[in-house]
Amino acid sequence: MTWSDYLATFRRRWVIVAVIVVFDVLAAGLLFYRSYHHAGWQGSVTIYVADVGATNTTLETTDQLLAGETAADFFADDIKDVAQSASVADFVSSRLQPLGLPNSDPGSISGTVGGQRTDRTVNLWITNPNEETALRAAGVLGQAMTVDRARFIGAKMARRTYARVISPATVGRAPTSHDLLNFGLRVALGVLVALGVALLWDALDPAVRDRDDVERALEAPVLVAAR
Amino acid sequence: MIEVRHPSAADETARLLFARLQIVQPNAHSLLLAWTTDADRAARVSIAALLADAYRGAGRETALIELGDELLTVDDMRAALARSPFTIVQGAGLADSPATIVAARAVDAVVILVRRGRTKRSTLAALRSELVAAGVSIAGAVLLD
């Protein structure tokens, strides 16, 4: 097929393309709107994590370490993962309730690990539609993963780690830059799907559509194509 | 519906067909115009009748035969065609009408009327095989909406 054949197909099946693209744009727009307006606020806190026995990087159970992994790596990863658990979210919520602030759910907490091999930093974020809740929750989250970390990572692990909040909890608008990108990608994907469906629909249509169809099937010329 | 919606458009189609047939079938003494199937038949005006008028307008004595349900033999059909120096036969759906297939074997060439978006490619291909196997000469097709 040449480009003109493709264009002819799309012109012929423009209704299918239009319907799918309209629904796609509406759906992508709705998702963008919801995402943009529900992104809310993001509280963040940074925790410094080190292995107390950093000169001797063996854990009580050394087989817990992966090849090349330090104890600080292990603890930092553990703190990041545990921070995103339901028990930590419950803990944060229980601290917010007396203040009359909305609860927090595990899905709203995320984090990354940075720093050097033996000195790790864990950045934790918590999002909430309410600005004050996001800020308070970040503070409580920092407390949970430092002062109260024993209840989440266990007393033995807590003794082996040094964990301190190294930056005060801050709050800002949750990032939405990806939402616009996602909107664009969804629309582009929808357009591609629409064009694909149009081509498929056309290919599966058993009826003749143009002069070429007739001439191929009949192996004889079309004398007149009335328009 | 067929794209030839009014007499002037049908006339134009018939004139174009006449002109093309002058090139591809200049020596034909008989032509059959038929739809692929009866279900595809949708013209409000007869292209065959208008084509006959076009031939007559060009000074050629032309007879028009409209096939009925009666099943003639090829020889009977040839005898009927011999009564006029040039004859246009209007048939029914080729895939549905045995009488039209018989007529196709008797005429010099067949023009198949095809409807865009309605006539199936597989039907056309099967019809072509059948006509070729029967020794029928296919002059070409007219593509209508």
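1. Burial and make-up of chain B. In this predicted model, 43% of the 145 residues in chain B are buried. The chain holds five helices and five strands, and from the N terminus on these follow the pattern α-β-α-β-α-β-α-β-α-β. Among contacts in chain B with a separation of 6 or more, 82% link residues 24 or more positions apart.

2. The average pLDDT of chain B is 87, and 92% of the residues score at least 70. Please keep an eye on residues 1-5 of chain B, where the pLDDT is below 50. Beyond near neighbours in sequence, that stretch still has 18 contacts in the model. For the model as a whole, the scores are ipTM 0.88 and pTM 0.53.

3. The core around Leu51(B). The largest nonpolar core has 54 residues, and the members that touch the most others are Leu51(B), Val110(B) and Val142(B). Helix α2 of chain B, residues 47-57, gives the most to this core, with seven residues. As a general point, nonpolar side chains in soluble globular proteins tend to be buried together.

4. Helix α4 of chain B. This helix covers residues 98-106, and its buried residues are Thr100(B), Ile101(B), Ala103(B), Ala104(B) and Ala106(B).

5. Chain A in outline. Chain A has nine helices and five strands, which run α-α-β-α-α-β-β-α-α-α-β-α-α-β along the sequence. Buried residues account for 31% of its 227 residues. Of the contacts in chain A with a separation of 6 or more, 73% are between residues 24 or more positions apart.

6. The sheet of chain A. Four strands of chain A form an open sheet in the order β2-β3-β1-β4, with antiparallel pairing. Its edge strands are β2 (109-115) and β4 (161-173), each of which pairs on one side only. On average, neighbouring strands of the sheet are turned by 20° against each other, direction ignored. Within the sheet, β2(A) and β3(A), the latter spanning residues 119-128, are joined in the antiparallel sense by seven bridges. One of the positions to look at is Gly114(A), whose bridge partner in β3(A) is Thr121(A).

7. A helix across the sheet. Helix α3 of chain A, residues 71-83, lies across β1 (41-51), β2, β3 and β4 of chain A. The helix runs at about 150° to β1(A). There is also another nonpolar core, apart from the largest one, with 35 residues; among them are Ala50(A), Ala72(A), Val88(A) and Val92(A).

8. Where the chains meet. Between the two chains, 18 residues of chain A are in contact with 29 residues of chain B. On the chain A side, the elements that give two or more residues are α9 (211-218) and β5 (222-225). Helix α9(A) supplies the largest share of that side, five residues. By residue type, the chain A side divides into 13 nonpolar, no polar and five charged residues.

9. The axes of α9(A) and α5(B) come within 8 Å and cross at roughly 35°. From α9(A), the contact is made by Asp213(A), Val214(A), Ala217(A) and Leu218(A), and from α5(B) by Arg121(B), Leu124(B), Ala125(B) and Arg128(B). The residues of this contact comprise five nonpolar, no polar and three charged.

10. Which way do β5(A) and β5(B) run relative to one another, parallel or antiparallel? They run parallel, and three bridges join β5(A) to β5(B), which covers residues 138-144 of chain B. To find the pairing on screen, look for Ala225(A), which stands opposite Leu143(B) in β5(B).

Methods: Residues numbered from 1 in each chain as written. Chains lettered and ligands numbered in written order. Predicted model: local features only at pLDDT ≥ 70, side-chain atom pairs only at ≥ 80, totals over all residues. Buried ≥ 20, exposed ≤ 12 C-beta atoms within 10 Å, placed from the backbone. Contact = placed C-beta atoms within 7 Å. Nonpolar A, V, L, I, M, F, W, Y, C, P; charged D, E, K, R; others polar. Pairing = 2+ DSSP bridges. pLDDT = per-residue confidence, 0-100. Axes fitted to C-alpha atoms, helices over the stretch in contact; angles between N-to-C directions. Core = buried A, V, L, I, M, F, W, Y, C linked by C-beta atoms within 7 Å.
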